[in-house]
Amino acid sequence: MTITSVEPFILRAENEGKSLGEIMIEHEMEIQEVSREEVMSAMGKIWKVMVSSITNGVKIEQRSPSGMSGGDATKLLKNRKSKSITGSTIVKVVARAIGVGEFNSSMGTIVASPTAGSSGVVPAVVYTVAEKLKSSEETIIKGLFASSLIGLVCDAVASTSGSEHGCQAEIGVSAAMAAAAAVEIAGGTSKQAVNAAAIMLKNSLGLACDPIAGLVEVPCIKRNGVMAASALVSADMSLAGIESVVPFDDVVIAMDEIGRMMPCEIKETSEGGLANTKTGRGYKNWLRSSGANQLQDASDE
Ligand code: SF4
(Lines give C-alpha, C1' and ligand atoms only; values in the text may rest on other atoms or scores of the structure.)
Protein backbone atom coordinates (compact mmCIF):
# COMPACT_ATOMS: atom_id res chain seq x y z
CA MET A 1 0.00 0.00 0.00
CA THR A 2 1.46 3.35 -1.05
CA ILE A 3 1.01 6.18 1.45
CA THR A 4 1.15 9.59 -0.18
CA SER A 5 -0.19 11.84 2.60
CA VAL A 6 0.06 12.17 6.37
CA GLU A 7 -3.41 13.74 6.60
CA PRO A 8 -5.58 10.55 6.88
CA PHE A 9 -3.36 9.35 9.71
CA ILE A 10 -3.55 12.64 11.60
CA LEU A 11 -7.34 12.63 11.16
CA ARG A 12 -7.62 9.06 12.42
CA ALA A 13 -5.39 9.83 15.42
CA GLU A 14 -7.48 12.89 16.30
CA ASN A 15 -10.81 11.09 15.85
CA GLU A 16 -9.73 8.14 17.97
CA GLY A 17 -7.79 10.17 20.55
CA LYS A 18 -4.59 8.23 19.89
CA SER A 19 -0.99 9.11 19.14
CA LEU A 20 0.52 8.89 15.67
CA GLY A 21 2.71 5.96 16.70
CA GLU A 22 -0.33 4.04 17.97
CA ILE A 23 -2.18 4.64 14.70
CA MET A 24 0.81 3.42 12.69
CA ILE A 25 1.00 0.25 14.81
CA GLU A 26 -2.67 -0.43 14.09
CA HIS A 27 -2.13 0.32 10.41
CA GLU A 28 0.73 -2.17 10.27
CA MET A 29 -1.40 -4.81 11.99
CA GLU A 30 -4.13 -4.26 9.40
CA ILE A 31 -1.98 -4.40 6.27
CA GLN A 32 0.19 -7.30 7.47
CA GLU A 33 -2.79 -9.11 9.09
CA VAL A 34 -0.74 -9.84 12.20
CA SER A 35 -1.18 -9.34 15.94
CA ARG A 36 -0.02 -6.33 17.94
CA GLU A 37 2.57 -8.56 19.64
CA GLU A 38 4.08 -9.52 16.28
CA VAL A 39 4.26 -5.92 15.11
CA MET A 40 5.81 -4.73 18.38
CA SER A 41 8.28 -7.61 18.42
CA ALA A 42 9.42 -6.93 14.83
CA MET A 43 10.11 -3.27 15.61
CA GLY A 44 11.70 -4.28 18.93
CA LYS A 45 14.27 -6.32 16.99
CA ILE A 46 15.03 -3.33 14.78
CA TRP A 47 15.48 -1.18 17.89
CA LYS A 48 17.99 -3.67 19.34
CA VAL A 49 20.14 -3.39 16.20
CA MET A 50 19.94 0.41 16.44
CA VAL A 51 21.06 0.33 20.10
CA SER A 52 23.92 -2.01 19.25
CA SER A 53 25.07 0.30 16.44
CA ILE A 54 25.19 3.19 18.93
CA THR A 55 27.01 1.34 21.70
CA ASN A 56 29.59 -0.05 19.26
CA GLY A 57 29.91 3.16 17.27
CA VAL A 58 30.71 5.48 20.17
CA LYS A 59 33.65 3.24 21.16
CA ILE A 60 35.45 3.45 17.81
CA GLU A 61 38.86 5.09 18.22
CA GLN A 62 40.74 4.18 15.03
CA ARG A 63 40.49 6.08 11.75
CA SER A 64 38.88 4.42 8.73
CA PRO A 65 41.14 3.06 5.94
CA SER A 66 40.60 6.29 3.96
CA GLY A 67 41.69 8.36 6.97
CA MET A 68 38.65 10.62 6.57
CA SER A 69 36.62 9.41 9.57
CA GLY A 70 36.71 7.48 12.82
CA GLY A 71 37.08 8.34 16.51
CA ASP A 72 35.04 11.56 16.42
CA ALA A 73 32.12 10.27 18.53
CA THR A 74 34.60 9.24 21.23
CA LYS A 75 36.24 12.67 21.12
CA LEU A 76 32.91 14.43 21.61
CA LEU A 77 31.88 12.28 24.55
CA LYS A 78 35.26 12.80 26.25
CA ASN A 79 34.97 16.56 25.78
CA ARG A 80 31.36 16.96 26.85
CA LYS A 81 31.79 17.58 30.57
CA SER A 82 34.65 20.05 30.42
CA LYS A 83 34.23 22.19 27.33
CA SER A 84 30.77 21.76 25.79
CA ILE A 85 28.94 24.92 24.80
CA THR A 86 25.64 23.30 23.78
CA GLY A 87 25.24 20.98 26.76
CA SER A 88 25.05 17.29 27.43
CA THR A 89 21.89 16.36 25.50
CA ILE A 90 23.05 17.90 22.23
CA VAL A 91 26.59 16.56 22.57
CA LYS A 92 25.29 13.05 23.27
CA VAL A 93 22.85 13.02 20.36
CA VAL A 94 25.54 14.29 17.97
CA ALA A 95 28.12 11.77 19.25
CA ARG A 96 25.66 8.88 18.93
CA ALA A 97 24.66 9.82 15.39
CA ILE A 98 28.31 10.16 14.37
CA GLY A 99 29.12 6.89 16.13
CA VAL A 100 26.55 5.00 14.06
CA GLY A 101 27.97 6.58 10.89
CA GLU A 102 31.48 5.49 11.90
CA PHE A 103 30.20 2.01 12.71
CA ASN A 104 28.62 1.86 9.24
CA SER A 105 31.93 2.87 7.67
CA SER A 106 33.69 0.09 9.57
CA MET A 107 31.23 -2.44 8.08
CA GLY A 108 29.19 -2.74 11.30
CA THR A 109 25.51 -3.70 11.17
CA ILE A 110 23.21 -0.69 11.14
CA VAL A 111 19.54 -0.05 10.36
CA ALA A 112 19.04 1.88 7.12
CA SER A 113 16.71 4.65 8.26
CA PRO A 114 15.99 5.44 5.52
CA THR A 115 19.50 4.66 4.11
CA ALA A 116 22.87 3.48 5.42
CA GLY A 117 24.41 6.93 4.89
CA SER A 118 21.72 8.49 7.07
CA SER A 119 21.51 5.63 9.57
CA GLY A 120 22.72 7.60 12.60
CA VAL A 121 20.01 10.21 13.03
CA VAL A 122 16.91 8.21 14.01
CA PRO A 123 18.67 5.89 16.51
CA ALA A 124 20.61 8.74 18.12
CA VAL A 125 17.55 10.97 18.53
CA VAL A 126 15.25 8.20 19.78
CA TYR A 127 17.91 6.88 22.20
CA THR A 128 18.72 10.33 23.58
CA VAL A 129 15.11 11.46 24.02
CA ALA A 130 14.11 8.13 25.60
CA GLU A 131 17.10 8.30 27.95
CA LYS A 132 16.26 11.84 29.00
CA LEU A 133 12.55 11.12 29.55
CA LYS A 134 13.15 7.60 30.95
CA SER A 135 10.74 6.19 28.36
CA SER A 136 9.58 2.57 28.23
CA GLU A 137 10.45 0.30 25.29
CA GLU A 138 6.79 0.47 24.21
CA THR A 139 7.02 4.26 23.96
CA ILE A 140 10.27 3.97 22.02
CA ILE A 141 8.64 1.58 19.55
CA LYS A 142 5.71 3.95 19.12
CA GLY A 143 8.24 6.68 18.34
CA LEU A 144 9.79 4.51 15.64
CA PHE A 145 6.36 3.81 14.16
CA ALA A 146 5.57 7.54 14.11
CA SER A 147 8.84 8.08 12.21
CA SER A 148 7.87 5.40 9.72
CA LEU A 149 4.94 7.43 8.39
CA ILE A 150 7.29 10.31 7.55
CA GLY A 151 9.67 8.01 5.70
CA LEU A 152 6.89 6.27 3.79
CA VAL A 153 5.35 9.51 2.50
CA CYS A 154 8.76 10.94 1.49
CA ASP A 155 9.60 7.74 -0.34
CA ALA A 156 6.27 7.56 -2.17
CA VAL A 157 5.95 11.21 -3.16
CA ALA A 158 9.60 12.20 -3.64
CA SER A 159 12.54 9.90 -2.90
CA THR A 160 14.75 8.60 -0.12
CA SER A 161 17.79 8.25 -2.32
CA GLY A 162 20.72 10.65 -2.58
CA SER A 163 21.37 9.55 -6.15
CA GLU A 164 17.84 10.57 -7.09
CA HIS A 165 17.12 13.69 -4.99
CA GLY A 166 20.35 14.60 -3.17
CA CYS A 167 21.05 14.43 0.55
CA GLN A 168 17.80 16.25 1.39
CA ALA A 169 16.19 12.89 0.56
CA GLU A 170 18.53 10.91 2.82
CA ILE A 171 19.69 12.81 5.89
CA GLY A 172 16.93 15.41 5.45
CA VAL A 173 14.31 12.67 5.56
CA SER A 174 16.03 10.81 8.40
CA ALA A 175 16.06 14.01 10.48
CA ALA A 176 12.36 14.62 9.72
CA MET A 177 11.62 11.03 10.77
CA ALA A 178 13.63 11.55 13.96
CA ALA A 179 11.85 14.82 14.80
CA ALA A 180 8.47 13.06 14.56
CA ALA A 181 9.74 10.21 16.74
CA ALA A 182 11.02 12.66 19.35
CA VAL A 183 7.63 14.39 19.59
CA GLU A 184 5.81 11.05 19.85
CA ILE A 185 8.13 9.88 22.67
CA ALA A 186 7.71 13.22 24.45
CA GLY A 187 3.92 12.73 24.43
CA GLY A 188 3.06 15.24 21.70
CA THR A 189 0.05 15.00 19.41
CA SER A 190 0.02 13.52 15.91
CA LYS A 191 -0.19 17.04 14.48
CA GLN A 192 2.85 18.14 16.49
CA ALA A 193 4.83 15.08 15.38
CA VAL A 194 4.16 15.73 11.70
CA ASN A 195 4.70 19.47 12.18
CA ALA A 196 8.16 18.80 13.69
CA ALA A 197 8.96 16.71 10.61
CA ALA A 198 7.79 19.54 8.34
CA ILE A 199 10.00 22.10 10.14
CA MET A 200 12.99 19.75 9.89
CA LEU A 201 12.50 18.80 6.25
CA LYS A 202 11.99 22.43 5.19
CA ASN A 203 15.40 23.21 6.62
CA SER A 204 17.06 20.41 4.66
CA LEU A 205 15.73 21.32 1.21
CA GLY A 206 18.35 21.55 -1.50
CA LEU A 207 21.00 19.62 0.42
CA ALA A 208 23.56 18.24 -2.02
CA CYS A 209 24.82 14.67 -2.11
CA ASP A 210 28.54 15.11 -2.75
CA PRO A 211 30.47 12.34 -0.96
CA ILE A 212 34.24 12.56 -1.33
CA ALA A 213 35.68 9.71 -3.42
CA GLY A 214 32.24 8.08 -3.46
CA LEU A 215 32.69 6.91 0.13
CA VAL A 216 29.87 7.40 2.63
CA GLU A 217 32.13 9.28 5.05
CA VAL A 218 32.53 12.97 4.13
CA PRO A 219 30.23 14.86 4.51
CA CYS A 220 27.89 12.03 5.52
CA ILE A 221 29.04 11.09 9.01
CA LYS A 222 29.29 14.55 10.58
CA ARG A 223 26.10 15.54 8.77
CA ASN A 224 24.29 12.79 10.71
CA GLY A 225 25.47 14.46 13.90
CA VAL A 226 24.51 18.01 12.97
CA MET A 227 21.09 16.96 11.67
CA ALA A 228 20.36 14.88 14.79
CA ALA A 229 20.78 18.08 16.82
CA SER A 230 18.50 19.92 14.37
CA ALA A 231 15.86 17.20 14.73
CA LEU A 232 15.77 17.81 18.49
CA VAL A 233 15.43 21.56 17.92
CA SER A 234 12.58 20.98 15.44
CA ALA A 235 10.80 18.73 17.95
CA ASP A 236 11.15 21.34 20.70
CA MET A 237 9.80 24.05 18.38
CA SER A 238 6.77 21.95 17.54
CA LEU A 239 6.12 20.96 21.17
CA ALA A 240 6.19 24.69 22.02
CA GLY A 241 3.34 25.30 19.55
CA ILE A 242 5.39 26.73 16.67
CA GLU A 243 3.80 25.66 13.40
CA SER A 244 5.26 25.18 9.96
CA VAL A 245 3.38 27.55 7.62
CA VAL A 246 3.84 25.00 4.83
CA PRO A 247 2.24 21.67 5.82
CA PHE A 248 4.30 18.48 5.68
CA ASP A 249 2.70 17.04 2.51
CA ASP A 250 3.52 20.27 0.63
CA VAL A 251 7.10 20.27 1.92
CA VAL A 252 7.55 16.78 0.47
CA ILE A 253 6.21 17.98 -2.89
CA ALA A 254 8.72 20.86 -2.74
CA MET A 255 11.51 18.38 -1.98
CA ASP A 256 10.52 16.37 -5.02
CA GLU A 257 10.53 19.47 -7.22
CA ILE A 258 13.93 20.61 -5.92
CA GLY A 259 15.32 17.09 -6.30
CA ARG A 260 14.28 17.01 -9.96
CA MET A 261 15.97 20.40 -10.54
CA MET A 262 19.29 19.35 -9.00
CA PRO A 263 22.16 18.69 -11.40
CA CYS A 264 23.53 15.16 -11.52
CA GLU A 265 26.93 16.39 -10.25
CA ILE A 266 25.44 16.66 -6.74
CA LYS A 267 23.46 13.42 -6.79
CA GLU A 268 25.97 10.93 -5.42
CA THR A 269 28.13 10.98 -8.54
CA SER A 270 30.99 12.61 -6.59
CA GLU A 271 31.56 15.00 -9.49
CA GLY A 272 30.47 18.22 -7.78
CA GLY A 273 30.37 20.06 -4.46
CA LEU A 274 32.68 18.85 -1.69
CA ALA A 275 33.80 15.88 -3.80
CA ASN A 276 35.05 18.29 -6.45
CA THR A 277 37.08 20.53 -4.13
CA LYS A 278 40.87 20.38 -4.20
CA THR A 279 40.72 18.34 -0.99
CA GLY A 280 38.01 16.04 -2.32
CA ARG A 281 39.88 15.35 -5.55
CA GLY A 282 43.09 14.87 -3.56
CA TYR A 283 41.54 12.11 -1.44
CA LYS A 284 40.05 10.50 -4.54
CA ASN A 285 43.39 10.45 -6.37
CA TRP A 286 45.27 9.24 -3.29
CA LEU A 287 42.76 6.44 -2.66
CA ARG A 288 42.93 5.41 -6.31
CA SER A 289 46.72 5.22 -6.29
CA SER A 290 46.94 3.48 -2.90
CA GLY A 291 44.30 0.97 -4.08
CA ALA A 292 46.38 0.37 -7.23
CA ASN A 293 49.48 -0.14 -5.05
CA GLN A 294 47.64 -2.68 -2.90
CA LEU A 295 46.62 -4.60 -6.04
CA GLN A 296 50.23 -4.47 -7.24
CA ASP A 297 51.44 -5.77 -3.82
CA ALA A 298 48.96 -8.65 -3.98
CA SER A 299 50.02 -9.67 -7.50
CA ASP A 300 53.73 -9.63 -6.41
CA GLU A 301 53.11 -12.23 -3.68
S1 SF4 B 1 25.97 13.04 1.11
FE2 SF4 B 1 25.04 11.53 -0.26
S3 SF4 B 1 25.98 9.54 0.30
FE4 SF4 B 1 26.30 11.00 2.01
S5 SF4 B 1 24.56 10.64 3.39
FE6 SF4 B 1 24.04 12.37 2.05
S7 SF4 B 1 22.90 11.37 0.39
FE8 SF4 B 1 24.00 9.73 1.42
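This is a predicted model: local features need pLDDT of at least 70, side-chain atom pairs count only at pLDDT 80 or more; totals for chains, interfaces and linings use all residues.

Me: What makes the length of α6 agree with a helix of 13 residues?

Reply: Helix α6 covers residues 121-133, and at 1.5 Å a residue it should span 18 Å; its end C-alpha atoms are 18 Å apart, so the two agree.

Me: Why is α6 called mostly covered?

Reply: A residue counts as buried if 20 or more other C-beta atoms lie within 10 Å of its own. Ten of the 13 residues of α6 are buried, which is what "mostly covered" refers to. Among them are Val121, Pro123, Val125, Tyr127 and Val129.

Me: What covers those buried residues of α6?

Reply: The cover includes α3 (36-57), α5 (88-105), α7 (137-157), α9 (171-185) and α11 (220-239).

Me: Which residues have the most contacts inside the largest nonpolar core?

Reply: They are Val125, Ala178, Ala179, Ala180, Ala182, Ala197 and Ala231, in a core of 90 residues. The largest share of this core, twelve residues, comes from α9. Leaving aside neighbours within four places in sequence, Ala182 is in contact with Val125, Val129, Ala196, Ala231, Leu232 and Ala235.

Me: Which residues come nearest to the ligand?

Reply: Of the 13 residues around the ligand, those are Gly117, Gly162, Cys167, Cys209 and Cys220. The shell divides into seven nonpolar, four polar and two charged residues.

Methods: Residues are numbered from 1 along each chain as its sequence is written. A residue is near a molecule or strand if its C-beta atom, placed from the backbone, lies within 6 Å of it. Ala, Val, Leu, Ile, Met, Phe, Trp, Tyr, Cys and Pro count as nonpolar, Asp, Glu, Lys and Arg as charged, and the others, Gly among them, as polar. Helices (H or I, at least four residues) and strands (E, at least two) are DSSP runs, numbered from the N terminus. The expected span of a helix is 1.5 Å times one less than its number of residues. A residue is buried if 20 or more other C-beta atoms lie within 10 Å of its own, exposed if 12 or fewer, and partly exposed in between; C-beta atoms are placed from the backbone. Two residues are in contact if their C-beta atoms, placed from the backbone, lie within 7 Å. A nonpolar core is a set of buried Ala, Val, Leu, Ile, Met, Phe, Trp, Tyr and Cys residues joined through C-beta atoms within 7 Å.
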